[in-house]
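Here are a few friendly notes to read alongside the structure. Keep the 3D view open and find each spot as you go.

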Amino acid sequence: SPWEPLLLLLRPPAFSTTCASCAKDRRLRQKRAISERQLTRYFVDQRKVRVVGGQGGGGGHSFYSEPRKVFGGPDGGNGGDGGHVILKADQQMKSLSSVSHFYQGFHGERGGSKNCYGANGAHMYVKVPVGTLVKEDGRVVADLTQHGEEYIAAYGGAGGKGNRFFLSNENRAPTLFTPGEPGQERVLHLELKTTAHAGLVGFPNAGKSSLLRAISRAKPAVAAYPFTTLNPHVGIVHYQDYEQVAVADIPGLIKGAHRNRGLGMAFLKHIERCRFLLYVVDLSVPQPWVQLQDLKYELEEYEKGLSERPCVVIGNKIDLAQSRINLPLLREQVSERVIALSALTGDNLEELLLHLRELYDTYVKTEQSQGRSPVKW
């Protein structure tokens, strides 16, 4: 055909005709690291949410009529029910930042003629992180601790009745029909408590963030000033048999944290979910055992029995000369097992990882013996 050469010119080439230096770089770019200050905008552990169930559809009002059957009687169907608002725990969610302040279920449809019922409204699912506590007027109404667990936050309204529903021997041509009921309306307070197997507990600048970076792939901010970490970070420790132990870096506590000094309550509530604790003390300071005593006191004042959970004492910064002098003194003062290591140089991290696995295995056996399912990551 005379048009064939022109069509060949218009057809796009099967390969790039530009040189390699002019081609765009299509490689996947790594996500930009978020600083701890920027992370405070994304990490939210409290949210006030207003939820409203969907309204039910109104009942239908009609009478059946066709040739040779003019008075067929009422045939208005019932309306559909409104949709619920359901909170669903999702392991992929790590913060309440994506949860909006208002949710409403979908409305039910109106009943139709010929006894056709209206369709029910679809449910509104709201994904929340695992470990979300749902409160109403200060009272706990739900605790979503398992992946896929659901809680109906607001029920949808029932659909209205059509005039067919009111047919009786006394009333053969009812004209009565009812509207749909409004959905339930509630104001809920969502509170996130980090769910992890182990919790790193220590004063500011004890080296918790550095230790979490050394044993996992988590990248919390590290700097030479206190309160570098402003939000809990969860790192996953992988073992050769594919078991995974979640370790949470709880932001540094200070004296008087149980009285809400230094955002104490916001930090302490994340320790409640931890199954065992890793006390991190700075071996380079004078009398490091005093740090352990103060930490246990703060935990006990916040919640009775919290300091009695299975634990191990981690003496950090063993690479410093003063730390080697304080290590035998610390072991004389405390009854718990002391693991001396350096998160900076990686010295003796193997002992911590082995003991962390022992604590995890003990926790799993205890949960299984009591008929409960242990938390898995």
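1. Let's begin with how α3 and α7 cross. In this predicted model, helix α3 (residues 208-215) packs against helix α7 (residues 349-369) at an angle of about 80°. Angles of 65 to 115 degrees count as roughly perpendicular, so α3 and α7 are roughly perpendicular to each other. Their axes lie 11 Å apart.

2. Now look at where these helices touch. From α3 come Leu211, Ala214 and Ile215, and they meet Leu349, Leu352 and Leu353 of α7. Sorted by class, the contact of α3 with α7 has six nonpolar residues, with no polar and no charged ones.

3. Next, follow helix α6 (residues 321-333) along its length. Where does α6 have a kink? The kink, of about 30°, lies at leucine 327, shortly before proline 328.

4. Leucine 327 is also one of the buried residues of α6, together with Ser323, Asn326 and Leu330. What covers the buried residues of α6? The cover includes the strands β12 (276-282), β13 (311-316) and β14 (338-340), as well as helix α5 (289-302).

5. Is glutamine 322 buried, exposed or partly exposed? Its relative accessible area is 37%; since buried means under 20% and exposed over 50%, glutamine 322 is partly exposed.

6. Glutamine 322 has partners from elsewhere in the sequence, too. Leaving aside neighbours within four places in sequence, glutamine 322 is in contact with Leu283 and Ser284. Glutamine 322 and leucine 283 are 39 residues apart in sequence, yet 7.5 Å apart in space, C-alpha to C-alpha.

How values were computed. Residues numbered from 1 in each chain as written. Predicted model: local features only at pLDDT ≥ 70, side-chain atom pairs only at ≥ 80, totals over all residues. Heavy atoms only, no water. Axes fitted to C-alpha atoms, helices over the stretch in contact; angles between N-to-C directions. Helix = DSSP H or I, 4+ residues; strand = E, 2+ residues; numbered from the N terminus. Parallel < 35°, antiparallel > 145°, perpendicular 65-115°, else oblique. Contact = heavy atoms within 4.5 Å. Nonpolar A, V, L, I, M, F, W, Y, C, P; charged D, E, K, R; others polar. Bend = angle between axes of the 7 residues up to and from the residue. Buried < 20%, exposed > 50% of the residue type's maximum accessible area, 1.4 Å probe, protein only.
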